[in-house]
Amino acid sequence: RQSWYPRPLRRQWGRLYIICVRMVIAMRTQGCTDSAWLAALADPQTTLFIERFGLSTPGAAWRLEQRDVPEHYITMVTAEVNLAEASGARLRLEPNALLWLAPGAVHSMRSEDPSRPHTFYHLRFALTRRQAHLVPEAAVIHLPYAADLRPAMDALFDEFHTQMAFREQR
């Protein structure tokens, strides 16, 4: 099962951007208090570009082998278990675990038990300010229990996939 918006969206200060920034700020304040990062997020010249966002349950043979993406990549497991390797660290992502990879971070992923594939949100986005990419201090941020971020992910998913009038202007 896959669901994602098939074309990139560019947001400046719409509702989608605000939800995403709230989620990112919450993530950063849990694991790190990088004041320069938080100041950059608050800057009105910061732009969010969402490449892809969806909720997926892969098939039994699903594996990602040593890949990297040019955008930030966030995955949050909602059911079952995902095994990941990122920057040499082996991670077990149980439900409500969140993994944030900085652009270019090499990673691999697979379901722990192929007969019970995991379900997960996956978000790829770029953050730029004054034409420069914003990247956090850490290449890999693992939050093993991020249940408090689940409502933000759900709201972001709902907003991203809405078909309401004037969606593009929000």
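D154 is partly exposed, at 25% relative accessibility; here buried means under 20% relative accessible area, exposed over 50%, and partly exposed in between, with a 1.4 Å probe and protein chains only. The model is predicted, so local features need pLDDT of at least 70 and side-chain atom pairs count only at pLDDT 80 or more, while totals for chains, interfaces and linings use all residues. Residues are numbered from 1 along each chain as its sequence is written, and side-chain values use heavy atoms, with hydrogens and water left out. Helices (H or I, at least four residues) and strands (E, at least two) are DSSP runs, numbered from the N terminus.

**Salt bridges**

- The whole structure holds eight salt bridges, each defined as a side-chain nitrogen of Lys or Arg within 4 Å of a carboxyl oxygen of Asp or Glu.
- One of them joins D154 to R150, with the closest N and O atoms 3.1 Å apart.
- Both D154 and R150 belong to helix α3, where they are four residues apart, about one turn of the helix.
- R150 is partly exposed, at 25% relative accessibility.
- Within the pair E80 and R116, the closest N and O atoms are 2.8 Å apart.
- E80 sits in the loop between β4 and β5 (82–86) and R116 in the loop between β8 (107–111) and β9, so this pair ties together parts that are 36 residues apart in sequence.
- E80 is partly exposed at 28% relative accessibility, and R116 is partly exposed with a relative accessible area of 47%.
- Another salt bridge connects R92 and E94, at 2.1 Å from N to O.
- R92 has a relative accessible area of 38% and is partly exposed; E94, with 39%, is also partly exposed.

**Nonpolar cores**

- A nonpolar core is a set of buried Ala, Val, Leu, Ile, Met, Phe, Trp, Tyr and Cys residues joined through side-chain atoms within 4.5 Å.
- The largest core has 22 residues, and F53, L98 and F125 touch the most other members.
- At least two residues of this core come from each of β2 (46–56), β4 (72–79), β7 (98–101), β9 (119–129), β11 (140–143) and α3 (150–160).
- Another core, of 14 residues, lies apart from the largest one and includes V69, L91, A97 and L99.

- Two strands pair if DSSP finds at least two bridges between them.
- β7 pairs with β4 in the antiparallel sense over four bridges, and L98 stands opposite M76.
- β7 also pairs with β11, again antiparallel and over four bridges; there the bridge partner of L98 is L143.

**The four-stranded open sheet**

- An open sheet of four strands runs in the order β3-β8-β5-β6, with antiparallel pairing.
- β3 (63–67) and β6 (89–93) are at the edges with a single partner strand each, so one side of each is left without a neighbour in the sheet.
- Neighbouring strands of this sheet are turned by 15° against each other on average, direction ignored; axes are lines fitted to C-alpha atoms, for helices over the stretch in contact, and angles run from 0 to 180 degrees between N-to-C directions.
- β5 and β8 pair over five bridges in the antiparallel sense, with A84 opposite M109 in β8.
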